[in-house]
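Let's take a friendly walk through a protein structure, one topic at a time. Have a look at the picture first, then read on.

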Amino acid sequence: MAIIGAGAAGTALVNHLVMRLDGAKITLVDARAEHLYQPGLSLVAAGLKPAGYTVSNTTDWLPQGITLVAEHAAAIDPIAKTVATTGGQSIPYDFLVVAPGLVLDHDAIEGFSLDMVDQNGIGALYAGPHYAAKTWEAASKFT
């Protein structure tokens, strides 16, 4: 089995499967060394937690016995049942879960730039821990 994505969905699933599928060979594909606890960003933006609260090592959330391929998935071949990585690996699978998360596109918001965060009451907490902290700064100035 292969899972693309080591965010909340991928890590939760791999932990669930390891506990229930004795002896299963599971490969997790994700290049990110850091895991972002996205729900915690709202706590940072509210001034309740520091920015570092939301960041940990991806490997801290992974169970023993799986294979982590620290590369990005580049292509899926459903006929050959393989995942190609940006590093040139070809990972075979019987079952595939695709949970790569999302990419925020702040540039698609006309008139907005992340440089504006913490100015004139503007915030963007899901842009990352730094911006969540700056959102708290903006809210603090407002109140």
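Is Tyr53 buried, partly exposed or exposed? Tyr53 is partly exposed, because its relative accessible area is 35% and this class lies between buried (under 20% relative accessible area) and exposed (over 50%), using a 1.4 Å probe and protein chains only.

## About the model

This is a predicted model: local features need pLDDT of at least 70, side-chain atom pairs count only at pLDDT 80 or more, and totals for chains, interfaces and linings use all residues. Residues are numbered from 1 along each chain as its sequence is written, and side-chain values use heavy atoms, leaving out hydrogens and water.

## A pair of rings

Searching the whole structure turns up one aromatic pair. Rings of Phe, Tyr and Trp (its six-membered ring) pair if their centres lie within 6.5 Å; planes under 30 degrees apart are stacked, over 60 edge-to-face, and the rest tilted. Here the centres of Tyr37 and Tyr53 are 6.0 Å apart and the planes meet at 80°, so the pair is edge-to-face.

The pair links distant parts of the chain, 16 residues apart: Tyr37 lies in the loop between β3 (34-36) and α2 (40-45), and Tyr53 in the loop between α2 and β4 (55-57). Helices (H or I, at least four residues) and strands (E, at least two) are DSSP runs, numbered from the N terminus. Tyr37 is partly exposed too, at 39% relative accessibility.

## The open sheet

Four strands form an open sheet with parallel pairing, in the order β5-β2-β1-β9. Because β5 (67-69) and β9 (96-98) stand at the edges with a single partner strand each, one side of each has no neighbour in the sheet.

Two strands pair if DSSP finds at least two bridges between them; β1 (residues 2-4) and β2 (residues 27-29) have three, in the parallel sense. Ile4 stands opposite Val29 in β2.
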